Amino acid sequence: MDVSMFRTAAVAGFAAAVAAILLHFVVSKPKFDDVFGKDRPLRILDPLRLVIFFITLLFVEQKWSLIGALRKLVFLLAILCFLILVVTGFVPRVVFGTVISSWWLMIHATAAPVFAGCVAVLAVLWADRNRLDKNYWPLLNRMLKRQPQSTAAPEKHELKLRICFWVVLTMSLPVILSAVVSMFPLFGTHGQDVLLQIHRYCTLLLSLFAIIYLYLAALIEMNRTAAK
Amino acid sequence: MAAGVEIKLGDTPDGSRSNFVHLISLLSEPLPGKEPDQIHPDADPVLPFSTKATCGACHSYDKISAGWHFNAIDPNVKPGRKGQPWIFADPTSATQIPLSYRQWPGTFRPEQIGLTPMAFLESFGRQMPGGGIGEMVDKSDNPEETLRSDVTGKLEINCLACHDGSAGMDMGGASGYSILVIRGNYRWAATASCEFAYVTRSIGKLPNEYDFRAPYVSADSKVKPPVVEYRKGAFGHNDGVNFDIRREGPKQRCYFCHSNVDVRDGKTEKWFADEDVHLAAGLTCVDCHRNGLEHDIIRGYAVESRDSNNPLTTISSCEGCHLGKNGDKPVAGRFAAPTPKHAGVPPTHFEKLSCTACHSGPWPANETINTKTARAHALGIAGANKSGEVLPHLLYPVFAKGQDGKIGVFKLLWPAYWATMADGNIMPLAMETVKSATSRAITKTAFSKTGSWPDLKEEDIARILTLLGEKVDAGAKVVYVTGGKLYSLDEGGKLVSADNKMAEPYMWPIAHDIRPAAQSLGVRNCQDCHTTNSPFLFGSVSADSPLKNLAGREMVAFQDLPRFYTKAFAFSFVFRPWLKVVAILSSLVILGVLVLYALKALGFAAKVVVGDEQ
């Protein structure tokens with residue numbers, strides 16, 4: 001498959017994701033009162049405050065238990081590895097138009113198993129709370145003429161968040177396997193090429209959904225904070 | 001066809017794959033403006049035959065003369081990928097310098113060290129098929145040489161060198177082609193190589209007035225002209241002879257100039273090494289290295305189509321036969337070439353490595369080994385120095401980045417020569433000048449019986465530089481290049497050394513011998529190359545020089561790779577198994593979660609379908 005096609009797809013994908021997030025962000029009119037205070041004029045360090053604010057939103061709620069601490073640690077580590085992998089994986093190909101090699105490859109290959117491990121742990125710890133139970137399918141409920149078990153309304157965007165979770169989880173399988181299988185003498189040159197393409201395109205999908213997931217997670221957390 | 005271009009009888013084949021019988025008349029070199037005469041075995045004197053006249057009667061000699069083996073002196077011919085140069089090696093002057101009439105970076109033109117066409121032929125004509133510079137002896141800048149060329153004749157293209165299929169063909173024997181060329185008997189050389197001819201004596205002391213067509217008697221009984229004897233019975237009907245001509249030359253013909261042998265424990269035992277896997281499979285050299293009448297023979301590198309007009313270059317490289325990617329139609333599998341799977345080899349290897357890197361030459365070792373080649377060491381010629389230490393010293397396998405930007409396997413020569421340096425330019429000195437100084441400075445006891453470097457010390461170098469300084473123009477600085485360094489005298493007369501681009505080794509890529517796929521690099525695992533002490537990356541290329549204890553270099557220095565990164569990357573392969581384990585276990589866990597929740601979803605869907613989901 002043409003390498004420039006992947007380049008185009010990656011650029012278009014990231015641009016569309018960022019544009020969609022920005023558009024959604026503007027349309028959803030989030031409240032920044034907690035960050036900047038009410039009716040306060042903008043200050044020079046406000047953009048930095050905003051960034052830090054968003055990062056803090058990704059610090060999932062701390063539960064005072066070993067599992068809680070582990071979950072938080074693993075989630076943050078996964079985000080860090082994800083960022084490293086995206087940068088080292090996409091920058092050489094998309095920005096410089098070269099194959100990933102040298103230090104880029106070293107860092108990529110170092111972060112990759114950590115990310116894989118984190119995803120596996122998060123899959124176990126978060127799968128249940130991300131179940132798409134019947135509360136999230138009002139249309140389906142209406143069609144089936146049945147009432148949801150819980151009357152509590154789900155958080156806004158939570159359905160999208162959970163869908164993103166499952167897409168990321170599903171995509172992580174071909175991403176990991178395509179890389180690790182290529183390290184065994186199983187596939188020839190054509191097979192290696194196919195594995196590489198699978199790795200690239202699945203990674204692109206995973207990355208886009210992961211970005212949307214992080215955005216939605218931050219947004220939900222911000223709304224939750226504002227509601228308190 | 002352009003007007004005036006003659007098409008001869010043998011120029012256009014009729015397509016038959018059978019061998020054409022060459023029962024033909026032998027023709028002698030004609031007088032200027034005359035037709036060549038037929039040679040009769042009972043004539044006096046018996047003349048040597050001229051290939052230009054004999055073979056040229058039916059094949060366009062001028063077209064053939066433009067072929068790769070003969071066109072080095074044509075400045076309009078693209079030099080193409082760097083190849084093996086002619087190496088002038090002289091232990092008495094501690095010199096080994098790469099020469100070529102082609103414009104290969106790192107080589108010098110023979111005239112730069114004072115080699116006239118005849119001097120060049122004396123050194124290297126032994127393993128040249130004639131033509132080219134061999135036919136330029138009458139155009140030498142040296143008037144003595146021009147005059148002498150009437151006696152020596154020209155070294156015409158020796159068609160038999162490649163196309164003679166007879167067992168008795170004599171290229172390197174004591175009275176064969178090479179010896180006659182070394183002795184300046186160019187006119188008789190091709191005849192001497194012919195299996196039914198025998199040439200004795202030499203033109204050595206003959207005066208310039210000697211006419212090879214006339215009987216010659218000298219007052220000095222020791223001065224006798226070359227004598228040609230044709231085997232009785234070789235001449236048949238109408239005094240025609242039968243040449244065993246093969247359109248596709250047998251491999252032994254190629255081997256005469258293109259043999260290689262590794263030096264192991266100082267010996268050059270050829271039975272120790274296997275033949276190229278292609279030859280072992282039944283191919284011949286010319287199956288891949290093909291040409292038509294123009295003799296524009298395929299050299300066989302991947303991007304040769306940029307340099308050659310031969311239409312088969314694109315499909316005659318490694319990729320051409322084994323992958324078949326270079327043609328506009330499927331060509332893979334030519335000569336039953338297997339299509340490689342390269343299972344588990346990341347595709348980036350094919351962007352960074354040439355095919356030869358993994359498949360050619362000996363398996364890499366911690367140290368390079370010395371190798372000898374036919375053209376560099378006169379292999380196959382009577383009287384050749386059989387020592388494994390004789391100059392020039394060629395090292396291999398060196399894994400280096402080539403002109404195509406890919407890492408391949410190379411042979412390497414550390415140039416050693418005396419030169420002048422002015423404005424940063426280095427010009428080698430004429431050998432005559434050099435020898436006048438080295439003969440005074442190097443004592444005979446310093447010479448090796450094996451033909452290796454003389455035993456020189458830094459003070460010897462300093463003395464020779466001082467002596468040479470007296471012979472060159474004022475303002476020119478005399479230097480000695482050896483072992484990758486440039487030596488000169490500072491203002492105080494002390495010997496100093498420095499790095500210099502001109503001291504860099506000359507390397508040329510090799511392809512043969514190809515190892516079987518089962519012996520290719522990486523066939524066992526990645527660690528064939530990716531370890532912190534792998535010879536492929538960190539093997540040592542020793543610095544070869546008459547001076548002892550010069551530091552060599554690691555392979556990685558020739559590959560344009562940063563050493564620290566390369567070491568770190570190689571070290572990372574220690575953790576590669578862990579990476580695989582973590583990745584596989586993670587995948588299994590993720591798969592388990594996905595399957596579990598997919599089954600839960602399925603269970604829910606099933607309940608919904610039967611109306612039992614509450």
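In α3(B), the buried residues are B:Pro117, B:Met118, B:Ala119, B:Phe120, B:Leu121 and B:Phe124. A residue is buried if 20 or more other C-beta atoms lie within 10 Å of its own, exposed if 12 or fewer, and partly exposed in between, with C-beta atoms placed from the backbone. Helix α3 (residues 117-124) of chain B is thus described as mostly covered, with six of its eight residues buried. The cover over these buried residues includes β2 (86-90), α4 (143-152) and α6 (177-182) of chain B.

This is a predicted model, in which local features need pLDDT of at least 70 and side-chain atom pairs count only at pLDDT 80 or more, while totals for chains, interfaces and linings use all residues. Residues are numbered from 1 along each chain as its sequence is written, and chains are lettered from A and ligands numbered from 1 in the order in which they are written.

### The chains

Helices (H or I, at least four residues) and strands (E, at least two) are DSSP runs, numbered from the N terminus. Chain A has eight helices and zero strands, and its pattern along the sequence is α-α-α-α-α-α-α-α. Chain B has 19 helices and 18 strands. Buried residues account for 26% of the 228 residues in chain A, and for 41% of the 614 residues of chain B. The C-alpha atoms of chain B fill a box of roughly 130 × 75 × 45 Å along the principal axes.

Two residues are in contact if their C-beta atoms, placed from the backbone, lie within 7 Å. Among contacts with a separation of 6 or more, residues 24 or more positions apart make up 69% in chain A and 63% in chain B.

### The interface

Between the chains, 35 residues of chain A are in contact with 27 residues of chain B. On the chain A side, the elements that give two or more residues are α5 (102-126), α7 (158-181) and α8 (189-227). The most comes from α5(A), with 11 residues. By class, this side of chain A has 24 nonpolar, nine polar and two charged residues. Here Ala, Val, Leu, Ile, Met, Phe, Trp, Tyr, Cys and Pro count as nonpolar, Asp, Glu, Lys and Arg as charged, and the others, Gly among them, as polar.

Axes are lines fitted to C-alpha atoms, for helices over the stretch in contact, and angles run from 0 to 180 degrees between N-to-C directions.

| Pair | Angle | Axis distance |
|---|---|---|
| α5(A) and α19 (residues 576-610) of chain B | about 25° | 9 Å |
| α5(A) and α18 (residues 563-572) of chain B | roughly 25° | within 10 Å |
| α4 (residues 66-95) of chain A and α5(A) | about 145° | 8 Å |

The angle makes α5(A) roughly parallel to α19(B), and α5(A) is likewise roughly parallel to α18(B). Angles under 35 degrees count as roughly parallel, over 145 as roughly antiparallel, 65 to 115 as roughly perpendicular and the rest as oblique.

The crossing of α5(A) with α19(B) is left-handed; a crossing is left-handed if the near helix is turned anticlockwise from the far one by less than a right angle, and right-handed if clockwise. Residues in this contact include A:Ala109, A:Pro113 and A:Gly117 of α5(A) and B:Leu579, B:Ser586 and B:Val593 of α19(B). The contact holds 13 nonpolar, two polar and no charged residues.

The crossing of α5(A) and α18(B) is left-handed. There A:Ser102, A:Trp103, A:Met106 and A:Ala109 meet B:Tyr565, B:Ala568, B:Phe569 and B:Ser572.

### Nonpolar cores

A nonpolar core is a set of buried Ala, Val, Leu, Ile, Met, Phe, Trp, Tyr and Cys residues joined through C-beta atoms within 7 Å. The largest has 119 residues, of which B:Ala189, B:Val398, B:Phe399, B:Phe410 and B:Leu412 touch the most other members. Strand β9 (residues 394-401) of chain B gives the most to this core, with six residues. Beyond its neighbours within four places in sequence, B:Ala189 is in contact with B:Leu155, B:Asn158, B:Tyr177, B:Leu180 and B:Val181. A second, separate core of 49 residues includes A:Ala116, A:Cys118, A:Ala120 and A:Val168.

### A:Gln192

A:Gln192 lies in helix α8 of chain A and counts as buried because it has 24 C-beta neighbours inside 10 Å. Leaving aside neighbours within four places in sequence, A:Gln192 is in contact with A:Ser182, A:Phe187, B:Pro346 and B:Pro347.
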